[in-house]
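Dear colleague,

Please find below the structure that I am handing over to you. The findings follow directly after it.

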Amino acid sequence: MRGNMSKFYSDPTPQMLDDPLWNAIWEEMRGWDINVPTEYIGYTGVTGNHVTAIYLAIIKELERGLKEVMDGYKNQKRI
């Protein structure tokens, strides 16, 4: 291992394991081999940690988009 995977790739929470989005990502990726050269050498099977990293990135973007929509709505109401 090159780095500390737990720093960037946290374990899924019980709530994530019940989330349809997390499970959809898992179902799509679970047979994949993956390489994260900044973290370790070689390929490994996808783990819940990999799925969680992708899940959190998607959630972050969705939240950012929702904030932009809400900010636009607030600005329209001021006109």
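In helix 3, W22 and W26 are four residues apart, so about one helical turn separates them; helices here are DSSP runs of H or I with at least four residues, strands are runs of E with at least two, and both are numbered from the N terminus. This is a predicted model, in which local features need pLDDT of at least 70 and side-chain atom pairs count only at pLDDT 80 or more, while totals for chains, interfaces and linings use all residues. Residues are numbered from 1 along each chain as its sequence is written, and side-chain values use heavy atoms, with hydrogens and water left out.

The ring centres of W22 and W26 lie 6.1 Å apart and their planes meet at 15°, so the pair is stacked (rings of Phe, Tyr and Trp, the last by its six-membered ring, pair with centres within 6.5 Å; planes under 30 degrees apart are stacked, over 60 edge-to-face, the rest tilted). The count of aromatic pairs is one.

W22 counts as buried because its relative accessibility is 4%, whereas W26, at 23%, counts as partly exposed (buried is under 20% relative accessible area, exposed over 50%, partly exposed in between, with a 1.4 Å probe and protein chains only).

W22 also belongs to the largest nonpolar core, which has 11 residues, including I25, M29 and Y55. Such a core joins buried Ala, Val, Leu, Ile, Met, Phe, Trp, Tyr and Cys residues through side-chain atoms within 4.5 Å. Helix 3 gives the most to this core, with three residues.

Overall, the chain has four helices and two strands, in the order α-α-α-β-β-α from the N terminus.

With kind regards
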